[in-house]
Amino acid sequence: MHQRLKMCAVVNLTRTVFFFLFNLLLQPIGPEHVATYHDWMKDPDLLHVTGSEPLSMEEEVEMQQSWKKDIDKCTFIILAKDLCVEYGEDGGDRPNYILENLNAMIGDVNLFLSNEEDDTDLDSDDDLWNKKETGASKESQKKEVIQKHAELDIMIAVKDYQRRGIGQEAAQLMMLYGAQNLGIRRFFVKIKEENMASRNMFEQKLGFVQCNYVECFREVELEFRRETADAIVGHLRQSFSSDLNMWTCSKTSSRLKENS
């Protein structure tokens, strides 16, 4: 029997929203997390596989603050559920929940949004007639149909939690969030070609396919694309093989509402 899966999102009273699945919780990265993250990034192996440069503590703090303000960056800390203090699905009333769970940090997962290239042909007879009528340029029309796609970035920094399916679960949860709440229909990852564990996870378990290779960085780019974001949501529902409680975030409020 499949274990019943619940993807829930609850509001933390001190700041924001977090999500949880079988083995993990995701919290938006905050200033409380930076010191641990900085210690992780002293590891040369993590720097290599993530393609990162070492930063000072001050630079890490500045980066966290700038990313928090950037609407095209969704950055989350991964918490191991078995290390977390007790919580309830209603979020409870634990104003110190973030501080209480700093020792449960095991990695991070992020979405970096950018404009998806548009290949739509706007030169049909109707389009040309509309352009003459409105005086709109082809470039301005293209801007109307351009949407976002997302680079997915995952790091499991704590070795005891590597190769346990945590990365796959975090990827699925972030893809579900991106498709459901942000309308993303294309996700892509960039992986060092020798990082076969990550490549196998994305290609064999998540269905990504190679779309590019950058020789100078020895990086493989893999993508997961569907015609619509709803198609990705449907695919993920099937891959979970269970009833899924879907939650969507209001664009005007941090409060979450359950889909009917």
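How many of the 17 residues of helix 7 are buried? The count is 14, so helix 7 is largely enclosed by the rest of the structure. Buried here means under 20% relative accessible area, exposed means over 50%, and partly exposed lies in between (1.4 Å probe, protein chains only).

## Model and conventions

This is a predicted model: local features need pLDDT of at least 70, side-chain atom pairs count only at pLDDT 80 or more, and totals for chains, interfaces and linings use all residues. Residues are numbered from 1 along each chain as its sequence is written, and side-chain values use heavy atoms, with hydrogens and water left out.

## Overall make-up

The protein has 9 helices and 11 strands. Both are DSSP runs, numbered from the N terminus: helices are H or I with at least four residues, strands are E with at least two. Of the 260 residues, 43% are buried.

The exposed surface comes to about 14700 Å², and carbon and sulfur atoms supply 46% of it. Areas come from the Shrake-Rupley method with a 1.4 Å probe; for residues, only the protein chains shown count as cover. Contacts are heavy atoms within 4.5 Å. Among contacts between residues at least 6 apart in sequence, 68% join residues at least 24 apart.

## Strands 5, 6 and 7

Strand 6 (residues 148-156) pairs with strand 5 and with strand 7. Pairing requires at least two DSSP bridges between the strands. Strand 5 (residues 105-115) runs antiparallel to strand 6, with 9 bridges joining them. Here aspartate 108 stands opposite methionine 155 of strand 6.

Glutamate 151 has phenylalanine 188 of strand 7 as its bridge partner.

The length of helix 7 agrees with expectation: at 1.5 Å a residue, its 17 residues should span 24 Å, and its end C-alpha atoms are 23 Å apart. The expected span is 1.5 Å times one less than the number of residues. Just after helix 7, glycine 183 takes a positive phi of about 70°.

## Salt bridges

The whole structure holds 10 salt bridges. The criterion is a side-chain nitrogen of Lys or Arg within 4 Å of a carboxyl oxygen of Asp or Glu. One of them links aspartate 39 and lysine 42, at 3.3 Å from N to O. Aspartate 39 is partly exposed, at 46% relative accessible area. Lysine 42 is exposed, at 55%.

Aspartate 70 and lysine 73 form another, with the closest N and O atoms 2.9 Å apart. Both partners are partly exposed: lysine 73 at 25% and aspartate 70 at 26%.

## A link across the sequence

Arginine 185 forms a salt bridge with glutamate 116, the closest N and O atoms being 2.9 Å apart. Arginine 185 lies in the loop between helix 7 and strand 7, and glutamate 116 in the loop between strand 5 and helix 5 (125-134), so the pair ties together parts that are 69 residues apart in sequence. Glutamate 116 is buried, with a relative accessible area of 5%, whereas arginine 185 is partly exposed at 23%.

The pair belongs to a network of salt bridges that links Glu116, Arg185, Arg186, Glu221, Glu223 and Arg225.
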